[in-house]
Amino acid sequence: MVADIVWNPDEYARNARYVSDLGMPALELLNPRPGERILDLGCGDGELTRVLRERGSEPVGIDSSRELIAAARTLGLDVRKQDACEMEFEDEFDAVFSNAVLHWISETDIVIGNVYRALRRGGRFVGEFGGYGNCAAIVTALVDELELRGIDGSKASPWHFPTADEFSDRLAAAGFSVPYIELIPRPTPLPEGMPGFLATFGGSFAAHVACDQRNGYLSAVCDRLQPLLRSNGEWTADYVRLKFEATKE
Ligand code: BEZ
């Protein structure tokens with residue numbers, strides 16, 4: 001299942017537009033060709049689905065967020081509200097693309113199997129998501145501030161950030177060959193600072209704290225991270241991405 005989060009499209013565009021902007025290298029690795037039918041798995045507000053269409057391919061986007069799908073529809077895209085764990089496409093896509101989504105999904109093997117079934121023989125599965133060590137300082141601060149409040153933070157993270165070996169093995173077990181996979185450290189400037197990042201991505205942790213104490217909790221996380229991730233007034237997140245290309249044999 002995809003983590004159960006209510007996304008606010010305006011807030012996402014303000015605080016996290018860089019997520020789709022930084023997905024462009026993965027889209028270039030995909031190299032979409034005119035006429036190709038491409039599934040954009042976790043299309044969000046459709047920013048990269050729109051680029052796939054501009055490149056002449058015929059993208060279909062799916063996302064589990066009703067709010068983000070509604071935003072993507074305003075771009076005139078073929079997008080559907082659909083959980084990646086439940087999709088039933090069969091032999092119908094030339095490629096599946098996914099940016100910044102797979103770390104939100106706990107049943108990785110189910111999704112990989114569904115992607116394999118959705119692809120035609122020779123089809124590509126290309127994408128990028130959070131890899132081992134992604135935002136380690138941020139996750140540690142979020143968990144430690146929960147523990148300080150007497151809350152077990154060990155299971156609060158909605159994310160799984162695998163190593164290249166782990167993800168590659170899972171792809172291979174489903175029948176994919178994996179010509180390329182790489183873990184890439186990518187320190188990422190945060191346009192709206194750490195408060196903006198936490199407002200968008202920290203909700204699953206903050207949900208463990210009483211409503212009237214959430215602001216205090218998130219400020220304490222920022223204070224903890226300041227010496228590590230803030231320099232000259234600018235915040236930079238300790239992103240590590242896992243970028244991959246796999247082929248259905
Ligand atoms: C993201 O979905 O873009 C994301 C999630 C967790 C940490 C960093 C980024």
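Helices (H or I, at least four residues) and strands (E, at least two) are DSSP runs, numbered from the N terminus. The model is predicted, so local features need pLDDT of at least 70 and side-chain atom pairs count only at pLDDT 80 or more, while totals for chains, interfaces and linings use all residues. Residues are numbered from 1 along each chain as its sequence is written, and side-chain values use heavy atoms, with hydrogens and water left out.

**First stop: the largest pocket**

A pocket is an open set of points, on a 1 Å grid over the protein atoms alone, where a 1.4 Å probe fits, with protein on both sides within 12 Å along at least five of seven lines; its lining residues have an atom within 4 Å of a point. Grid points are joined across faces, edges and corners, and a volume is the space filled by probe spheres set on the points.

The largest pocket holds about 760 Å³ of space. Select Trp-7, Asp-63, Ala-100, Val-101 and Trp-104, the closest to its centre among 50 lining residues. Next, colour α1 (9-21), which gives the largest share of this lining, 4 residues. Other elements supplying at least two residues include β2 (58-63), β4 (93-99) and α8 (193-201). By class, the lining has 27 nonpolar residues (Ala, Val, Leu, Ile, Met, Phe, Trp, Tyr, Cys and Pro), 12 charged (Asp, Glu, Lys and Arg) and 11 polar (the others, Gly among them).

**Second stop: the second largest pocket**

Select Ile-5, Val-6, Ala-199, Thr-200 and Gly-203, which lie nearest the centre of the second largest pocket, lined by 13 residues. Two or more of the lining residues come from each of α1, α8 and α9 (203-206), and α8 has the largest share, 3 residues. The volume of this pocket is about 160 Å³.

Show the open antiparallel sheet with the order β7-β9-β8; strands pair if DSSP finds at least two bridges between them. Because β7 (188-189) and β8 (230-231) are edge strands with a single partner each, one side of each has no neighbour in the sheet. Strand β9 (residues 234-237) pairs with β7 over 2 bridges, and Thr-188 stands opposite Ala-237. Helix α10 (residues 214-229) packs on the sheet and touches β8 and β9, contact being heavy atoms within 4.5 Å.

**Last stop: Glu-245**

Select Glu-245 in strand β10 (residues 240-248). Leaving out residues up to four places away in sequence, Glu-245 touches Leu-29, Arg-124, Phe-125, Val-126, Ser-177, Val-178, Pro-179 and Tyr-180.

Definitions and conventions. Axes fitted to C-alpha atoms, helices over the stretch in contact; angles between N-to-C directions.
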